[in-house]
Amino acid sequence: GLTAAERDRYSRQILFPGIGDDGQERLLQGTVALAGCGALGCFHADALARAGIGRLIIVDRDYVEASNLQRQFLFEQRDAENSMPKAAAASSAIERINPAVKVTAHVADITAANIEDLLEGTDVLLDGTDINDQADFTPGSAAGVVLGVETLREFSVLTNTFSAEYGRKAGGIINAVTKSGTNELHGNAFYFHRTDNFDARN
């Protein structure tokens, strides 16, 4: 069961009917892997640490730069000055937020060759990667493969603070749920296509 300290720390979310004592215990025993620790990944890591996830695996090949500090809020000035690996800097930040969380940091890409080793014991994999680094590049995924329409089951679009109209920025992050089999597509693909190809040009 939960200790007195755990019950006190997580008391507000334990009140939610969908969580309760049982849900909190599952969180404390769970392992989440995070592919990418940029703006989206920092948010995921911070929220999971505060919620009391038991173990967090962070995989990111990149290093902290000054331009990251405006939006990647796990990182500090000294991380950029020392060119710290994002995975290592995030691990240090999470330790200060919640020392009970066990963090495994990997400065690496996730590839077909290493994915089983990096993600061993993972209950959930969260994709915190950007859809692309520059305009006009084909969207990819945490697994490093191009996603075609036939692979998608659902997706959601998270808009950021940069308009697609200026600087040829992507204008958002797409989280996709893949599948195999038919070419069936769920969600608002038509509306995304319409907005992306027509409305944005008005």
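1. A quick definition before the notes: a crossover counts as right-handed if, looking with the strands pointing away from you, the path from the first strand over the helix to the second goes clockwise. By that criterion, β1, helix α4 (residues 39–51) and β2 form a right-handed β-α-β unit. Bear in mind throughout that this is a predicted model.

2. Now the sheet as a whole. It is open, has 4 strands in the order β3-β2-β1-β4, and its pairing is parallel. β3 (102–106) and β4 (124–127) sit at the edges, each pairing on one side only. On average, neighbouring strands are turned by 20 degrees against each other, direction ignored.

3. Strand β1 (residues 31–35) runs parallel to β2, and 5 bridges join them. If you want a spot to check in the viewer, V32 is opposite L56 in β2.

4. R55 has K102 in β3 as its bridge partner, while V59 stands opposite H106 in β3.

5. Helix α6 (residues 86–97) is worth a look here: α6 packs on the sheet and touches both β2 and β3. The direction of α6 makes about 170 degrees with that of β3.

6. How many of the 5 residues of β2 are buried? The count is 4, so I'd call the strand mostly covered, taking buried as under 20% relative accessible area.

Definitions and conventions
Residues numbered from 1 in each chain as written. Predicted model: local features only at pLDDT ≥ 70, side-chain atom pairs only at ≥ 80, totals over all residues. Heavy atoms only, no water. Pairing = 2+ DSSP bridges. Helix = DSSP H or I, 4+ residues; strand = E, 2+ residues; numbered from the N terminus. Axes fitted to C-alpha atoms, helices over the stretch in contact; angles between N-to-C directions. Contact = heavy atoms within 4.5 Å. Buried < 20%, exposed > 50% of the residue type's maximum accessible area, 1.4 Å probe, protein only.
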